[in-house]
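Hi everyone, thanks for coming. Have a look at the structure while I talk you through a couple of its parts.

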Amino acid sequence: MRLVFACCVLALTALTAPLAMAQSGPLRIEITEGVIEPLPVAVPDFIPLNAQATQYGARIAQVVVADLVNSGLFREVPQSAYISQVTDFNTPLQYADWRAINAQAVITGAVGLSGGRLTVQFRLHDAVSGQVMAGLQFRSTQEGWRRMAHKVADAVYAQLTGEGGYFDSRVVFVSETGPKGDRRKRLAIMDYDGENVQYLTGSDDIVLAPRFSPNGDRVLYTSYETGFPRVYLLDVTTASRRPLEQADGTMSFAPRFAPDGRTVVFSLTRAGNTDLYRMNVSGSGLERLTSSPSIETAPSFSPDGRQIVFESDRSGSQQLYVMNADGSDVRRISFGQGRYGTPVWSPRGDLIAFTKQNRGRFHIGVMRTDGSEERLLTASFLDEGPTWSPNGRVIMFTRETQGANGRAALYSVDITGRNLRPVRTPDGASDAAWSPLQK
Amino acid sequence: MNIAGKLAVAAALIALGACSNVTNPIGGGAGGAGGIGGDASNPTSPAYFQQVVGDRVLFEVDQSSLTSTAQSILQGQADWMIANPSYTAIIQGHADEQGTREYNLALGARRANAVREFLIERGIAGNRLQVVSFGKERPLEICSAESCYAQNRRAVTVLASDLTG
């Protein structure tokens, strides 16, 4: 199996065109408070620089708009409202025409295609002050056109928010078909927006909870290939896989990479008791991190690799704990009502996302790494399994509906609890893990 | 012969060899509801074990301790396995859907292990008893109500005939 984007090379160069840098705070989105009024943005079709590129002009603009609107921070000014049309990339904009239709940001672009290589350039305009705020050029293979559109949107997002973007990223997840009593599950990977779905395993064996390596090239997951749950390592480019070392008579699951990409922390069940262990990806150096008769699972590293947050029922119910990466200095961080599980450390390091069960409802929430400032973002019959966007601003999770026809689907929500959206997948979907930004 | 053919032959040779781990599950399956295994009126049949002795025990919410009802069923399972020493078993632990996925895997393992320890205590050799957890992945009943959840919080003893004889 060969993934389309495996060989995709993107070049990123600053446009040489003179840019008038923005003056004191013209266009700026503050995303920490939660955006109530999205910024109106106009994205005219990108101008094709030659006949072969014609098919991409509108498509790239559409993906850029979809990304920005999807973030909840922007709303689209529809093309039908435009007063002046953009027909040449280098002709200055009539900013008054864009202000008249309340477009605060305008993104113009051009696309050329030659020898199977696409070149995309864009400019971000502040229509209010009448200035170009940013401009960049990207190159890739023809098949990489969506990624270039995502990179344009990432650059715009970064320029206007001061935060990194997250659109040029992928999601590995479990695709689900079949009835509730006999669910067929297989690993799949897609772009963050649900495009380019590819399957990484067959559906003969149950597969659970994949996680990306720090650079997105490998995936750890759990499979029942042998009849017993066991941790596997899969190469995303080739889809080849191998089991990690495991003693007979044990179960292993809940694997996560350390930020160094060489160490794995996971749950190992021996004689009914589940503890956390670490080992090298090569299979050597097995080391026990917790020794307790309770359940210890769902580990997640801090971005600096020094600490691990995990769940344990040592207090009598599922709660969250943080320990040093060598297993020392364990302290409990969750103290609210209900049960807490599936903690995931934000890539920014500042927050921990979790699943909370309380009075028969499930919630996705976030708290500071010391357990303070708990905030619940969602509520439903069954929400679980949060995963962070690469910039730590958005959380994707699984929502399952109740009853005999219950179905799992992916949703995203931002960390202020706004902008709850379903993520489009071909079938049922669960256990999403968000990749880092692609290079 | 092509590569696939050679592989098939190799696999067949492995299966015929004296491989101590090769077992042949009878009935059960992940859901534990299969109906095969002979005639339930024959006390030495797996069907008798499944239907008359009882192949499963149920658990309280988030618990793995054995109720008195469960203990009496498991005593029957132990007696049957002592009387039918050619069988081994895989004990499958399950959880209801009200829990996070990985926690439920660990909880199912606890339940399966509670059954295994009980059977060992009642005289079954540990090497006849394997455990596996399916967490909430294989519910038997699919409604989202306690009547279904109660049936799903289970440990099922699935018999296997040991091919090594």
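Predicted model: local features only at pLDDT ≥ 70, side-chain atom pairs only at ≥ 80, totals over all residues.

**A hairpin, then an interface**

Let's start with strands S20 and S21 of chain A, which form a hairpin with six residues between them, and in that turn A:Gly316 has a positive phi of about 115 degrees.

Residues are numbered from 1 along each chain as its sequence is written, chains are lettered from A and ligands numbered from 1 in the order in which they are written, and side-chain values use heavy atoms, with hydrogens and water left out.

S20(A) covers residues 307-312, and it pairs with S21(A) in the antiparallel sense over six bridges; to count as a pair, two strands need at least two DSSP bridges. Across that pairing, A:Val309 sits opposite A:Val322.

On its other pairing, S21(A) runs antiparallel to S22(A), residues 331-332, with two bridges. Here A:Val322 turns up again, opposite A:Arg331. S21(A) and S22(A) make a hairpin too, with six residues between them, and A:Gly327 in the turn has a positive phi of about 95 degrees.

Now the interface. In chain A, 41 residues are in contact with 28 residues of chain B, where contact means heavy atoms within 4.5 Å. The two chains bury about 2,900 Å² between them, 55% of it on carbon and sulfur atoms; that's the accessible area (1.4 Å probe) lost on putting them together, summed over both. A:Lys180, A:Phe228 and A:Ile295 supply 17% of what chain A buries there, more than any other three residues.

How many salt bridges are there between chain A and chain B? Seven, each being a side-chain nitrogen of Lys or Arg within 4 Å of a carboxyl oxygen of Asp or Glu. One of them joins A:Lys180 to B:Glu97, at 3.0 Å from N to O.

Terms used:
Helix = DSSP H or I, 4+ residues; strand = E, 2+ residues; numbered from the N terminus.
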